[in-house]
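Dear colleague,

Please find below the sequence and structure that I am handing over to you. My notes on what was found follow directly after them.

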Amino acid sequence: MQDIVFIEGLHTKAVIGVYEWEKVIWQELVFDIEMEHDNRVPAANDDIHKTLDYEAISNAIKGFCKEHQFELIETLAERLCALLIDRFGLTTITMTLRKPGAVPSARAVGVKIRRSA
Ligand SMILES: Nc1nc2c(c(=O)[nH]1)N=C([C@H](O)[C@@H](O)CO)CN2
């Protein structure tokens with residue numbers, strides 16, 4: 001089964017970084033998420049409750065970023081994947097997390113992880 005529900009280019013802000021000056025400012029983050037799900041199940045009954053609701057998941061990501069503070073984007077990605085697997089019953093998630101302003105000479109830097117329940 002290779003079906004995917006995805007969220008691409010989700011912008012949000014967080015207080016995140018290893019330096020002291022980063023602990024008092026909001027910085028932009030961008031998420032790409034891919035979640036495995038058998039799309040035949042919701043499609044059979046045209047039922048939102050049987051799919052992965054990308055709107056609810058987007059809101060969960062934005063809420064978590066507003067409410068938590070970390071030094072490393074690795075920590076944020078790890079904690080968020082664990083939360084999403086638990087709250088939405090995901091089997092497998094691939095998360096790309098970009099911090100666009102971190103290295104001015106790069107378009108973006110970030111991490112990409114894949115986690116399973
Ligand atoms: N692999 C990582 N490297 C760095 C991180 C990070 O979270 N993961 N963070 C920083 C600083 O916070 C940087 O973003 C400041 O511009 C440096 N390297």
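**Findings**

Isoleucine 4 belongs to strand 1 (residues 4-16); helices (H or I, at least four residues) and strands (E, at least two) are taken as DSSP runs, numbered from the N terminus. Please note that this is a predicted model, in which local features need pLDDT of at least 70 and side-chain atom pairs count only at pLDDT 80 or more, while totals for chains, interfaces and linings use all residues. Residues are numbered from 1 along each chain as its sequence is written.

Isoleucine 4 counts as partly exposed because it has 14 C-beta neighbours inside 10 Å. On this scale a residue is buried if 20 or more other C-beta atoms lie within 10 Å of its own, exposed if 12 or fewer, and partly exposed in between, with C-beta atoms placed from the backbone. Leaving aside residues up to four places away in sequence, isoleucine 4 touches Glu34, Met35 and Glu36; a contact requires C-beta atoms, placed from the backbone, within 7 Å. Isoleucine 4 and arginine 79 are separated by 75 residues in sequence and by 21 Å between their C-alpha atoms.

**Overall architecture**

The protein contains three helices and five strands, and from the N terminus on its elements follow the order β-β-α-α-β-α-β-β. Its C-alpha trace spans about 50 × 25 × 20 Å along the principal axes. Of its 117 residues, 20% count as buried. Among contacts between residues at least 6 apart in sequence, 59% join residues at least 24 apart.

The UniProt record, an unreviewed entry, places the feature "domain: Dihydroneopterin aldolase/epimerase" at residues 5-115; UniProt positions are given in the numbering used here, feature names are shortened, and annotations may be inferred rather than shown by experiment. Over residues 5-115 the chain is 32% helix and 35% strand, with 15 Å between the end C-alpha atoms.

The five strands form an open sheet in the order 3-1-2-4-5, with mixed pairing. Strand 3 (69-70) and strand 5 (109-116) stand at the edges with a single partner strand each, so one side of each is left without a neighbour in the sheet. Strands are treated as paired if DSSP finds at least two bridges between them.

Strand 1 and strand 2 (27-36) pair in the antiparallel sense over nine bridges. In this pairing, leucine 10 has phenylalanine 31 of strand 2 as its bridge partner, and phenylalanine 6 has glutamate 34. Strand 1 also pairs with strand 3, in the parallel sense and over two bridges; here the bridge partner of valine 15 is glutamine 69.

Strand 2 is joined to strand 4 (residues 92-99) by six bridges, and these two strands run antiparallel. Isoleucine 33 stands opposite methionine 95 of strand 4, and methionine 35 stands opposite isoleucine 93 of strand 4.

**Helices on the sheet**

Helix 2 (residues 54-67) packs on the sheet, touching strand 1 and strand 2, and its direction makes about 20 degrees with that of strand 1. Helix 3 (residues 73-88) lies across strand 1, strand 3, strand 4 and strand 5, and runs at about 150 degrees to strand 4. The axes are lines fitted to C-alpha atoms, for helices over the stretch in contact, and angles run from 0 to 180 degrees between N-to-C directions.

**Two loop residues**

Isoleucine 25 lies in the loop between strand 1 and strand 2. Isoleucine 25 counts as exposed because it has 10 C-beta neighbours inside 10 Å. Its C-alpha atom is 12 Å from that of lysine 66, which is 41 residues away along the chain.

Aspartate 46 lies in the loop between helix 1 (40-45) and helix 2. Aspartate 46 is exposed as well, because it has 8 C-beta neighbours inside 10 Å. Although it is not a glycine, aspartate 46 has a positive phi of about 50 degrees. Most residues other than glycine have a negative phi.

**Around the ligand**

The residues around the ligand are Gly17, Val18, Tyr19, Glu22, Leu72, Ile73, Glu74, Lys99 and Ala102, a residue being near if its C-beta atom, placed from the backbone, lies within 6 Å of the molecule. This shell divides into five nonpolar, one polar and three charged residues. Ala, Val, Leu, Ile, Met, Phe, Trp, Tyr, Cys and Pro count as nonpolar, Asp, Glu, Lys and Arg as charged, and the others, Gly among them, as polar.

With kind regards

How values were computed. Two residues are in contact if their C-beta atoms, placed from the backbone, lie within 7 Å.
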